[in-house]
Amino acid sequence: MKKLTMEDLVNYCKQYGFIFQGSEIYNGLANSWDFGPLGTLLKENLRNAWKQKFVQENKYNYGLDAAIIMNPKVWVASGHVASFADPLIDCKKCKSRHRADKLIEDFTNGEVTADGWSNEEIEKYIAEHNIVCPVCGKMDYTPIRKFNLLFETSIGVTDDTKNTVYLRGETAQGIFTNFKNVERSMRAKVPFGICQTGKAFRNEITPGNFIFRTREFEQMELEFFCKPGTDLEWFGYWKNYCMDFLRTLGLDSEKLRMRDHAKEELAFYSKATTDIEYLFPMGWGELWGIADRTDYDLSVHQEHSGEDLRYLDPETNEKYLPYVIEPSVGLDRLLLAILANSYQVEEIGENDTREVLKINPALAPVKVNILPLVKKIHGEKATEIYSELCKKFSCSYDESGSIGKRYRRADAIGTPFCITIDDETINNNTVTVRNRDTMEQEVVNINDLEDYIVKAVTL
Ligand code: ATP
């Protein structure tokens, strides 16, 4: 089978309505993408799968939906205003711009990461290892400059009342600032977690690789509050929980790996950090960051806000700031991994191929495709079945072209079931259900159809 490239994926996504270039009719806006009808459904299914696993099925966790624009003091306290910055380096010869830490990461194929390194350490490594500009092959860089990633905007209408505010650079801060609210209103006992999904914005220096790195993306974050001393145990628990979830979604085990950050890579407040990486078409890349953040976040918010954010342990009467374990994953990046993992051009028989998205049925944008064998004869019955099933599942209705062609269209977008309505449906109340992966057909009574589909599309 031919190796899948990112270009193949971009074309596929555009052709079938998953992802379009943003502002396309105005020649686009660099690295902005719009999710089309199928991309929207897939995104929603993935988000719901995460919520189900992390909120609904986990007895420790609660959900939250905090504001995107927060009091700017939040970002001062969190350290983002002072140091949410990437090391920027320019090639003097070809004027291309790079993230200096990523140059090292790419050069070493992900073996060395420069997270937490000083500018001097990064420059020294680049020089010592003769890491040339990936665009022109020369070795003539400007010194590193730090570039703040927060997007600024302002609230207020007149110049003298205008205040600078920020689009959130991560969803996590809305969780920390609501720690006490959730604890009190839900009568939550440590350990407990708060989950949030939503847009985050970063003025990335080097966005790219399709939706892998964009300036506007969606995060799915959990901040898990636990007693100091139990944190490393919970860190292990959440690492396995996340990996398990990715495997349940259908990502191949051999394309997933955990990479523990070495001591010198750790952020100064972090006790341990592990990235779950996926083998994307362009190589290994971070999919999910899991960090033991100690009590750093709650302590800076306590200090800057003046609010007592300590937890009173009802059993021991002890007051303490909980430690935090943060598993943080990008929804768009996960969606890219799922598509890359599922898309295939499969050989079926001699000189015949089919495009198929072998995606977990629970994530498939459309669950059922309904096909009247002959429009004039079976259309009415097919419409009736469609009207019932679409109350439960996302369905499509396809009456044009040969059955074979209609199957192919459904395969290409990953629809797990094609249901053909024929004379047997009218005479015997049965339909033929064709399975996307095996391409085998089965006769199912209409009364059993809903259960049949529910079973197959539940995670
Ligand atoms: P990177 O080193 O790739 O810039 P990061 O370590 O800054 O990522 P985190 O701040 O830990 O990333 O964000 C958590 C998750 O959010 C990442 O694992 C990734 O899945 C996602 N993410 C971060 N930045 C982007 C982006 N610019 N575009 C899309 N997803 C992103």
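Colleague: At roughly what angle do the axes of helix 2 and helix 9 cross?

Modeller: This is a predicted model, in which local features need pLDDT of at least 70 and side-chain atom pairs count only at pLDDT 80 or more, while totals for chains, interfaces and linings use all residues. Residues are numbered from 1 along each chain as its sequence is written, and side-chain values use heavy atoms, with hydrogens and water left out. Helices (H or I, at least four residues) and strands (E, at least two) are DSSP runs numbered from the N terminus. The axes of helix 2 (residues 37–56) and helix 9 (residues 231–249), lines fitted to C-alpha atoms over the stretch in contact, with angles running from 0 to 180 degrees between N-to-C directions, come within 11 Å, and their crossing angle is roughly 140°.

Colleague: Why is helix 2 classed as oblique to helix 9, and which hand does the crossing have?

Modeller: Angles under 35 degrees count as roughly parallel, over 145 as roughly antiparallel, 65 to 115 as roughly perpendicular and the rest as oblique. The crossing at roughly 140° therefore makes helix 2 oblique to helix 9. A crossing is left-handed if the near helix is turned anticlockwise from the far one by less than a right angle, and right-handed if clockwise; that of helix 2 over helix 9 is right-handed.

Colleague: Which hand does the crossing of helix 12 and helix 15 have?

Modeller: The axes of helix 12 (residues 375–389) and helix 15 (residues 446–457) come within 12 Å and cross at roughly 40°. Helix 12 is therefore oblique to helix 15. The crossing is right-handed.

Colleague: Turning to the ligand, how far is one of its oxygen atoms from the side chain of Arg 213?

Modeller: Polar contacts here are pairs of N or O atoms within 3.5 Å. A backbone N or O atom of Phe 212 lies 3.4 Å from a ligand nitrogen, and a side-chain N or O atom of Arg 99 is 3.2 Å from a ligand oxygen. For a side-chain N or O atom of Arg 213 and a ligand oxygen, the distance is 2.7 Å.

Colleague: Which strand gives the most residues to the shell around the ligand?

Modeller: Strand 10 (216–226), strand 13 (283–292) and strand 16 (323–330) each give two or more residues to the shell. The largest share, four residues, comes from strand 13.

Colleague: Which residue is joined to Val 190 by a cis peptide bond?

Modeller: The residue lies in the loop between helix 8 (179–185) and strand 9 (192–201). With omega about 5°, the cis bond joins Val 190 to Pro 191.

How values were computed:
A polar contact is a pair of N or O atoms within 3.5 Å; within protein, one must be able to donate a hydrogen and the other to accept it, and residues adjacent in sequence count only if both atoms are side-chain atoms.
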